[in-house]
Amino acid sequence: QFTLSSAWSFDLYAIHDDVYQNMFFGDARNYPGSFDDSRVENLNWQGSHTLTYTNAFDNVHNEDAVVGYEESYNERLRTNSWGNTFAHPSLKYGTSAANTFGTSTKSEYTFQSVFTRVNYDYDRTYFLSASFRRDGSSRFGPDQRWGNFWSLGLGWTVTNSDFMADFTGFFDYLKLRTSYGEVGNAEIGNYPWQGLYGFNPAYNGRAGSNPSQTANPALTWESQEAFNVGLDYAVLDSRLTGTIEYFQKSSTDLLLDVPVSLTTGFSDVLQNFGDMENSGIEFSIHADLLRAPDYDFAVDFNITSQQNEITKLSEPFIDGTKRREEGRDYQEYYLYGWAGVNPDNGLPLWYTDETKSATTSNLAQAERFYDGKSATPDYLGSFGFTGRYKRFTLSALATYMFGHYVYGGAERFY
C-alpha cells in the first residue's frame with residue numbers, strides 16, 4: 001500500500017511595542033519627553049511531502065518505508081524609531097519630536113531536506129529501523145551547505161520470546177534496544193559565514209562604513225553522533241515501569257566563537273573548532289502505588305549520570321571563567337585561586353599558581369589555574385507525583401542536579 005501526502009504550516013505574528021515617557025518626571029524629564037516605537041513581523045512556513053509504503057505478510061512480517069522532501073523559510077522584519085524633546089505634554093509620537101532616530105533590519109534563512117526511513121519487525125519481537133537524510137541550510141556557505149546524516153536502530157522484545165514463558169508472571173514487558181545515529185546542528189546566526197560591513201558609524205560628521213564580521217566560507221554543520229543501549233521494563237502487573245540506559249553522545253566540528261587577536265579588528269570568529277563527548281547512565285521508574293476506579297496515585301523518579309570531555313581542540317582558549325582545552329571538561333573553571341584575606345592588613349589574597357604554596361595581594365602576580373571544579377553536574381534528574389480523584393487531578397514535578405559548582409560573579413564585589 002502506498003500513501004502520498006503533503007502538509008503545509010504557516011506561522012505569522014506581529015509585535016508592536018510603543019513606549020512614551022513624560023517630560024515632568026522619570027528618565028525623560030531632562031529631554032523633555034521621549035518615545036520608543038518598535039515593530040517586529042515574523043513569517044515562518046514549512047512544507048513536508050512524503051510517499052509511504054506499508055506491507056504485512058505471513059502474519060509475522062511488518063514493514064514500512066518513507067521517502068520525503070521538506071523545506072522551510074523564515075523571515076523577520078524589525079523597525080525601531082525613537083527620539084525626544086516634545087513641545088507639549090499631549091505630543092507623544094515621533095512626528096512631533098525635535099530629535100528622532102531610526103533603524104530597520106531584515107533577516108531570513110531557509111532549510112531543505114531529502115530523507116528516507118525504513119522500519120521492519122518480525123512478529124512484533126525483533127525490530128530494525130534505518131534512516132538517511134541530507135539537509136541543506138542557507139546559514140552556511142555555498143560549498144558547505146549540505147550535510148549527510150543517518151541512523152540505525154535494533155530492538156528485541158524479550159517477553160515475546162518462547163524462553164520467557166516461565167517468567168511472564170513477573171515480567172509484563174521487557175525490551176532490549178540499541179541505536180546509533182547522527183544529526184546536524186545549525187543553530188547559529190543567519191549569516192555567520194559571510195564577511196559583512198556595517199554602515200552605522202559616522203566619520204567627521206559623514207556616513208561611514210567598517211567591517212563588522214569576518215568571512216569564514218569553510219563554516220559547516222556541527223555533527224552530533226549518539227549511541228545508546230537500553231532496557232525497557234514493566235513488572236508486577238505493570239505497576240512498575242521504567243528504563244535503564246547507557247548513552248554516549250559525540251559532537252564533532254563544534255561551532256564555537258573562538259577568540260582571535262584584537263589586531264584583526266575582531267574579538268572572536270565563529271569556527272568549527274573541536275570535538276566533545278558526553279556519556280552516562282540514565283535510570284527512570286514509574287510506580288502506580290494506588291489503582292482504583294475512582295482514584296489512583298503514581299510517583300515518578302529519574303536520575304542521569306554524565307561525564308563530559310573535550311576530545312579534540314585545535315588549540316586551547318579562554319572563554320570567560322572557563323578554559324577550553326583538550327582532555328578537559330567543557331565547563332571546567334579556570335580562575336584565580338582565592339586564598340582569603342590577609343589578617344594583618346585586610347587586603348585580599350590569591351594563590352600565585354596551582355601549587356597553592358604562596359600567596360599575593362597583587363592580582364597581577366597571580367595566575368589562573370584549574371582547581372578540579374566544573375559547572376557540569378555529575379547527576380541530574382527529576383521526581384514527582386500524579387494523583388487523581390474522580391475528575392480532579394493533582395500533579396507536581398521537581399528537577400534537581402548536583403555534583404557541580406556555580407560561579408557567583410557578583411560576590412567578587414562584597
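Two strands are taken to pair if DSSP finds at least two bridges between them. The views below show a predicted model.

**Figure 1. An open sheet of three strands, ordered E22-E23-E24.** The pairing in this sheet is antiparallel. Strands E22 and E24 form its edges, each pairing on one side only. Strand E22 (residues 338–341) is joined to strand E23 (residues 348–351) by three bridges, and E23 is joined to strand E24 (residues 359–360) by two bridges. Trp338 has Trp350 of E23 as its bridge partner. Trp350 in turn has Thr360 of E24 as a bridge partner, while Tyr351 is partnered by Thr359 of E24. In general, strands of a sheet pair through backbone hydrogen bonds, in either a parallel or an antiparallel sense.

**Figure 2. The hairpin of E22 and E23.** Six residues lie between the two strands of this hairpin. Gly346 adopts a positive phi near 80° in the hairpin. The strands E22 and E23 run antiparallel.

**Figure 3. Strand E16 (residues 274–291) and its pairing with E13.** Twelve bridges connect E13 with E16, and the two strands run antiparallel. Within this pairing, Phe247 is found opposite Gly280 of E16.

**Figure 4. Pairing of E16 with strand E17 (residues 295–305) and with strand E18 (residues 307–313).** E16 and E17 are antiparallel and share nine bridges; they form a hairpin with three residues between them. Ala287 has Val299 of E17 as its bridge partner. E16 also pairs with E18 in the antiparallel sense, over six bridges, and here Glu277 stands opposite Glu309 of E18.

**Figure 5. A nonpolar patch on the surface.** The patch is formed by Leu176, Phe227, Val229, Ile244, Tyr246 and Ile281. Together these residues have about 470 Å² of accessible area. Strands E12 and E13 each contribute at least two residues to the patch. Tyr246, one of the patch residues, is located in strand E13.

**Figure 6. The second largest pocket, with a volume of about 220 Å³.** The lining of this pocket comprises 19 residues, and Tyr180, Gly181, Glu182, Val183 and Ala226 lie nearest its centre. Two or more lining residues come from each of strand E4 (99–122), strand E5 (126–137), strand E6 (146–157), strand E7 (171–185), strand E12 (222–235) and strand E13 (240–252). E7 gives the most, with five residues. By class, the lining has five nonpolar, ten polar and four charged residues.

**Figure 7. The cis peptide bond from Tyr31 to Pro32.** Omega of this bond is near 0°. Pro32 is placed in the loop between strand E1 (2–21) and strand E2 (34–57). For context, most peptide bonds are trans.

**Figure 8. The backbone at Asp253.** Phi of Asp253 is near 55°, a positive value in a residue other than glycine. Asp253 is placed in the loop between E13 and strand E14 (255–259). Most residues other than glycine have a negative phi.

Methods
Residues numbered from 1 in each chain as written. Predicted model: local features only at pLDDT ≥ 70, side-chain atom pairs only at ≥ 80, totals over all residues. Heavy atoms only, no water. 1 Å grid on protein atoms, 1.4 Å probe; cavity = no way out; pocket = protein on both sides within 12 Å on 5 of 7 lines; lining within 4 Å. Points joined across faces, edges and corners; volume = space filled by probe spheres on them. Helix = DSSP H or I, 4+ residues; strand = E, 2+ residues; numbered from the N terminus. Nonpolar A, V, L, I, M, F, W, Y, C, P; charged D, E, K, R; others polar. Patch = residues over 30% accessible without salt bridge, like charges linked within 9 Å, V, L, I, M, F, W, Y side chains within 5 Å. Areas by Shrake-Rupley, 256 points an atom, 1.4 Å probe, with all protein chains shown as cover. Salt bridge = Lys/Arg side-chain N within 4 Å of Asp/Glu carboxyl O.
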